[in-house]
Amino acid sequence: MAPLMFGGLVIFMLVGYPVSFSLAAVGLFFGFIAIEQGFFAFALMQALPERVFGILSNDTLLAIPFFTLMGTILERCGLAEDLLDGLGQLFGPVRGGLGYAVIVVGAILGAITGTVAASVIAMGLISLPVMMRYGYDMKFATGVIAASGTITQLIPPSLVLIVLADQLGRSVGDMYAGAWGPSLVQVLLFSLYVLIVSFVKPKWVPGIPRESRTLSGWPLVKKCLWGIVPSLVLIFLVLGTIFLGLATPTEGGAMGTVGAIALAVLHHPKFSRRGRIAAWIALIAITLITIPAFVLWKDEWMPAGLVAAVSGFFSAVRVPLFIAFYTGLALLLWEAVAISELRGLIAQASRSTMRITAMVIFILIGSTIFTLVFRGVDGDTWIEHLLSGLPGGPVGFLIFVTLFVFFLAFFLDFFEIAFIIVPLLAPVAAKLGIDLIWFGVLLCVNMQTSFMHPPFGFALFYLRGIAPKEVRSSQIYWGAIPWVGLQLIMVAIVIFWPGLVTAFLDKASNVDPTKIQIEIPKSDFEGKDQGEEGTPPPDFSAPAPKK
């Protein structure tokens with residue numbers, strides 16, 4: 001029954017029927033057949049409402065709409081333009097300088113937006129015309145823009161990492177921590193490729209003439225800082241609080257959404273003088289809150305006198321500073337209401353977030369119906385025997401999974417792979433002793449290629465949609481191939497160097513279990529049962545019957 005069920009799902013998806021409804025239809029159809037044939041009792045299907053309710057009440061998945069809203073706001077607020085303009089002029093005179101700028105901006109946008117579409121569209125609209133103007137090779141230009149956008153899928157706060165953490169039953173914070181190493185190495189790998197191209201094919205990546213730069217000196221530095229510093233603050237606001245244990249991913253996403261609206265206001269040309277004063281008040285207040293809070297948090301590092309003085313100061317000014325901060329922030333956010341363009345931007349971002357969130361929830365509901373019935377007909381056992389019996393043990397399993405996911409990515413979106421395939425692979429990986437955080441990051445690196453596969457890669461479709469007409473589709477597709485090769489090299493690096501992921505997770509314990517002593521406090525009646533102090537022990541027996 002399990003092979004037929006899996007084959008039926010493949011047929012439905014090849015026909016082109018929506019994935020969420022295909023999963024639900026196949027699950028219910030084969031579920032009724034399995035009940036009639038005696039594979040399991042109808043009582044198993046009674047678990048379905050609870051599983052659906054569990055999806056809708058899952059706090060981890062609540063981070064998805066927050067990060068999606070944050071990304072769609074930042075996609076249109078002008079931050080990408082400032083970043084690319086500043087870094088493009090900074091790196092421009094160097095051969096391949098625009099390529100380096102696109103890669104760095106792709107990593108920064110990935111760390112604050114979490115969506116591939118936002119990065120590819122923003123960089124394609126801004127960088128591609130500049131690259132064409134200065135004679136960059138078209139295949140290289142389109143390839144570096146599409147590939148840099150896919151870094152978003154790996155670098156936290158990626159939506160893919162949230163979904164994989166949920167499907168693997170692991171912490172989102174651990175998944176984020178494990179993904180940092182591979183994402184930084186991938187940025188270096190892409191930059192190394194640009195460096196090699198600049199030596200081997202210098203005509204492909206010419207430098208921008210100095211006379212073509214509109215900024216230099218301090219104005220250029222100021223332009224770069226204006227794009228980078230607010231982005232780094234937002235990255236810390238979201239990811240720093242999660243890694244420090246100060247916020248859950250959902251809370252970090254909520255703070256990131258507020259920060260994204262604030263950045264959109266700051267970058268808007270109609271930002272008023274009143275809003276600027278409010279922004280400075282909020283910034284000064286939160287700085288005066290953060291510094292003493294850090295001293296008190298790490299009091300073991302500080303002199304006792306300093307800690308005592310800071311504690312008294314913080315107790316006296318904490319409430320007024322918080323009032324000043326929230327007042328300044330409220331006035332700053334009111335600018336987003338007062339400026340009509342920002343109202344439209346937020347409304348459009350909210351509609352896009354609603355569509356993406358609804359899609360994810362419907363796919364999840366369909367996948368839980370399919371998974372429940374699939375396990376009812378022992379499909380998980382069938383998959384486990386099929387994959388655990390591969391030659392080579394864990395290595396053979398990893399090679400098979402890598403090739404399997406790579407080819408599935410030609411036809412399936414990363415959400416579909418995460419919701420359909422990962423729940424089938426995770427139990428086998430756990431049984432083979434594979435760390436599931438490392439396994440999830442490996443799958444995420446592999447699924448990056450789903451955006452770059454000619455001819456179905458979504459990043460290529462995004463780029464085709466906004467590229468000028470003189471850019472041929474064949475140039476976009478051929479330009480993607482070297483970068484897909486680099487992504488596969490990254491998969492090999494993660495497989496053969498697992499410490500790249502686990503180094504950020506392994507925490508050495510300084511506790512010697514052989515020296516642990518447990519002291520049980522004495523009770524009020526200890527020793528009294530021996531008649532100490534001449535007091536008899538309390539009598540808890542039943543009272544004697546009355547005569």
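Predicted model: local features only at pLDDT ≥ 70, side-chain atom pairs only at ≥ 80, totals over all residues.
**Aromatic rings and their surroundings**

Residues are numbered from 1 along each chain as its sequence is written, and side-chain values use heavy atoms, with hydrogens and water left out.

Now, the rings. Rings of Phe, Tyr and Trp (for Trp, the six-membered ring) pair if their centres lie within 6.5 Å; planes under 30 degrees apart are stacked, over 60 edge-to-face, and the rest tilted. That rule gives 11 aromatic pairs. One of them is Phe370 with Phe374, stacked at 5.5 Å centre to centre and 15 degrees between the planes. Both sit in helix H15 (residues 340–376), four residues apart, about one turn of the helix; helices here are DSSP runs of H or I, at least four residues, numbered from the N terminus.

Elsewhere, Tyr136, Phe140, Phe190, Tyr193 and Trp483 make up one aromatic cluster.

Which residue has its charged end over the ring of Phe199? That's Arg95, 5.8 Å from the ring centre. The cut-off is NZ of Lys or CZ of Arg within 6 Å of the centre and within 35 degrees of the ring normal.

Last stop, helix H10 (residues 172–200), where we find Ser191. Ser191 is buried, with a relative accessible area of 18%.

Terms used:
Helix = DSSP H or I, 4+ residues; strand = E, 2+ residues; numbered from the N terminus. Buried < 20%, exposed > 50% of the residue type's maximum accessible area, 1.4 Å probe, protein only.
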